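Hello,

Here is the structure I promised to pass on to you. My notes on it follow below.

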Amino acid sequence: MTSPSNRGAPVSTEPRINDRIRVPEVRLVGPNGEQVGIVRIEDALRLAQEADLDLVEVAAQARPPVCKLMDYGKFKYETAQKARESRRNQQLTVIKEQKLRPKIDPHDYQTKKGHVARFLSHGNKVKVTIMFRGREQSRPELGYRLLQKLAEDVAELGFVESNPKQDGRNMIMVLAPHKNIKARPVKQDDDVEAEGDVVPE
């Protein structure tokens with residue numbers, strides 16, 4: 001019976017190897033993937049010892065369990081290397097946000113456009129939000145025209161991934177960089193007037 005202190009213990013994800021495999025017989029697979037067949041556990045362990053390899057349980061749920069002859073230390077090392085390589089190759093999409101007002105000053109517009117252009121050139125998506133206040137809410141076309149203008153002004157760097165749509169008092173459009181622009185790490189000063197969410201692709 002399991003003691004109360006062990007009930008909350010994490011379940012090991014490591015496969016059972018060699019003497020830890022406690023079944024009378026196993027379906028044995030050779031080191032090169034060849035099917036040996038169902039053999040007694042004693043014979044499987046003897047074959048592993050003779051080949052200077054480990055007996056590793058690769059399919060515990062099968063009846064009988066499937067075990068393979070392999071160099072377990074080498075197998076663990078290669079698996080860890082592949083996982084590390086996979087993490088290294090995982091591309092991160094950073095979604096930045098830029099907020100504008102419908103009646104934005106031309107100078108402010110140029111500044112905001114510069115931010116958007118920089119984010120796109122770094123390979124990041126940009127969520128552009130037009131904030132309406134008071135009576136401006138009755139003139140959504142002002143926001144729509146501004147978003148269209150911005151999209152045209154940065155067309156060399158990105159395209160409209162999500163068309164302008166009304167969201168309460170705001171209007172939102174998402175711009176994405178062209179495929180030939182590779183994402184690169186965003187520096188601290190790139191966060192000026194923008195918030196970023198990192199989303200693994």
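Some ground rules before the rest. This is a predicted model, in which local features need pLDDT of at least 70 and side-chain atom pairs count only at pLDDT 80 or more, while totals for chains, interfaces and linings use all residues. Residues are numbered from 1 along each chain as its sequence is written, and side-chain values use heavy atoms, with hydrogens and water left out.

Now the overall picture. The chain has 4 helices and 9 strands, taken as DSSP runs (H or I of at least four residues for helices, E of at least two for strands) and numbered from the N terminus. Along the sequence they follow the pattern β-β-α-β-β-α-β-α-β-α-β-β-β. Of the 201 residues in the chain, 33% are buried. The accessible surface comes to about 13500 Å², and carbon and sulfur atoms hold 50% of that (Shrake-Rupley method, 1.4 Å probe; for residues, only the protein chains shown count as cover). Among contacts (heavy atoms within 4.5 Å) with a separation of 6 or more, 61% are between residues 24 or more positions apart.

Next, a sheet. An open sheet is formed by 4 strands in the order β2-β1-β4-β3, with mixed pairing; strands pair if DSSP finds at least two bridges between them. At its edges stand β2 (35-40) and β3 (54-59), each with a single partner strand, so one side of each has no neighbour in the sheet. From one strand to the next the twist averages 35°, with axes fitted as lines to C-alpha atoms (for helices, over the stretch in contact) and angles running from 0 to 180 degrees between N-to-C directions. Strand β1 (residues 25-29) runs antiparallel to β2, joined to it by 5 bridges, and Arg-27 stands opposite Ile-38 in β2. Helix α1 (residues 41-50) lies across β1, β2, β3 and β4 (66-70), at about 125° to β2.

Strand β6 is worth a look too. β6 is mostly covered, with 5 of its 7 residues buried. Its antiparallel pairing with strand β8 (residues 170-177) extends over 6 bridges, and Thr-129 has Ile-172 in β8 as its bridge partner. Met-131 also belongs to β6 (residues 125-131) and counts as partly exposed because its relative accessibility is 23%. Leaving aside residues up to four places away in sequence, Met-131 touches several residues, including Leu-100, Pro-102 and Arg-169. Leu-100 is 31 residues from Met-131 along the chain, yet their C-alpha atoms are separated by 6.3 Å.

One side-chain detail: the charged end of Lys-96 sits over the ring of Phe-119, 5.6 Å from its centre. The rule asks for NZ of Lys or CZ of Arg within 6 Å of the ring centre and within 35 degrees of the ring normal.

Finally, the backbone. Most residues other than glycine have a negative phi, and most peptide bonds are trans. Asp-52, in the loop between α1 and β3, has a positive phi near 55°. Asn-18 has a positive phi of about 45°; Asn-18 lies in the segment before β1 and counts as partly exposed at 21% relative accessibility. The peptide bond from Arg-63 to Pro-64 is cis, with omega near -5°, and Pro-64 is found in the loop between β3 and β4.

Best wishes

Definitions and conventions: Buried means under 20% relative accessible area, exposed over 50%, partly exposed in between (1.4 Å probe, protein chains only).
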